[in-house]
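Good morning, and thank you for making time for this item. I would like to take you through one structure, beginning with a term that we shall need throughout.

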Amino acid sequence: MKKISLLGSTGSIGVSTLDVVERNPESFQILALSAGSNVDLFAEQIRKFKPQIAALFDSKKVSLLKEKISDLDVEVLSGEKGMVSVATHPEVDVVVSGVVGSAGLLPAIHALKAGKNLALANKETLVIAGELVLKEAEKTNSQIIPIDSEHSAIFQALNGEKQERIKKIILTASGGPFRTYSLDQMENIKVKDALNHPNWDMGSKITIDSSTMMNKGLEYIEAKWLFGIETPVEIIVHAQSIIHSMIEFVDTSIMAQLGIPDMRVPIAYALSYPDRFECDLPSLDLATMGNLTFEAPDFERFPCLQLAIDAMDIGKTMPAVLNAANEIAVQAFLDELIPYKDIAELIRMVMQNHSPSPLNELQDVLDADQWAREETTKLITVTH
Ligand code: MG
């Protein structure tokens, strides 16, 4: 029986994780849950999974939560401290992080410090602080098991092989809803268009990131940290999202992982690793799929992709700045404060205005993150 802490239980990854746990009650038990602010769903989850600890990030809503579950024997915590308690629960074997955005960093670091294996869906943790996160994992010999479908694919394709034998990683991208749009069409994209992803059902932040291909840019950075900073990563657009990524080895052999586009598959793998458990999900029907297609990414129509690659090349605090600027710009687009094409433009300007400095400690990341948020907000106010 694996004992699990889940961070971000009411988000898309959290809900899928609980679904996997519910389908395998003999294998998994939830000991601690944390959520952001969705009190209704969180209360339902607590009632169903009976964790020892439940932490709600939004401290203003804690009393409401306590009221809803007053008949249950559960310790209710709040804020960042609550998330850290969930991440470091002494009896837990695996911490699953499905938190959205840079809020995932602190609990992830604490989980690794406490020697927990980390099943990681929150890509920002590695994007903004990869170097520090890997150092913590090394110190306590804890393992990071990727949940992001592409990185799970690479992790699975690598199974049993030496990382040094990788020639390159081939990271697949669906291309998002605007894959076939012309530059002109990209000028007039509205929020509802961008929220409509062809293959994956996800939260709104990551759906916008998929449409700009910033998601693939963040995954490029994530792959570098997980599978070797010197390992070349090639991005290929594969519209059907059936091959979730590939590794080319030094002998030119390519290993790919395929499957239906359903996050429960990589989640189940991360939870069962190094074993595999039966999943009651539909098999991939290749004959029905028919064709799998591949094309090179277009950096002109998707400038965010290049910005992310540049940020990783520059290194130091630049990926953290890229990520924070993106978070603010995406929220501004969702709030209809800026047009779609300004997401990339704002990130470019913020990166230009930043002097990257080394990452020696967590505070360096938090400072860069804070600076970039303020700078992006300032630019939005000045230019819109
Ligand atoms: Mg992904």
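By buried I mean under 20% relative accessible area, by exposed over 50%, and by partly exposed anything in between, with a 1.4 Å probe and protein chains only. This is a predicted model, in which local features need pLDDT of at least 70 and side-chain atom pairs count only at pLDDT 80 or more, while totals for chains, interfaces and linings use all residues. Residues are numbered from 1 along each chain as its sequence is written, and side-chain values use heavy atoms, with hydrogens and water left out.

Let me turn to the metal site. The magnesium ion is coordinated by Asp 148 through OD, and by Glu 150 and Glu 219 through OE, at 2.1 to 2.2 Å. Donors here are N, O and S atoms within 2.8 Å of the metal (3.2 Å for Na, K and Ca); water is not among the atoms, so sites may look incomplete. Along the chain, the donors follow the spacing D-x1-E-x68-E. Glu 150 in helix H7 (residues 149-158) and Glu 219 in helix H11 (residues 214-227) are 69 residues apart, a pair that links distant parts of the chain. Helices (H or I, at least four residues) and strands (E, at least two) are DSSP runs, numbered from the N terminus. Glu 219 counts as buried because its relative accessibility is 1%, and Glu 150 is likewise buried, at 8%.

Next, the aromatic residues. Rings of Phe, Tyr and Trp (its six-membered ring) pair if their centres lie within 6.5 Å; planes under 30 degrees apart count as stacked, over 60 as edge-to-face and the rest as tilted. By this rule there are seven aromatic pairs. In one of them, the ring centres of Phe 155 and Tyr 269 are 6.3 Å apart and the planes lie at 70 degrees, so the pair is edge-to-face. Phe 155 belongs to helix H7 and Tyr 269 to helix H12 (residues 264-272), 114 residues apart. Both Phe 155 and Tyr 269 are buried.

Phe 178 and Tyr 340 also form an edge-to-face pair, at 5.5 Å centre to centre and 85 degrees between the planes. Ring pairs link Phe 178, Tyr 181, Phe 333 and Tyr 340 into a cluster. Why does Phe 178 count as buried? Its relative accessibility is 1%. Tyr 340 is buried too, with a relative accessible area of 5%.
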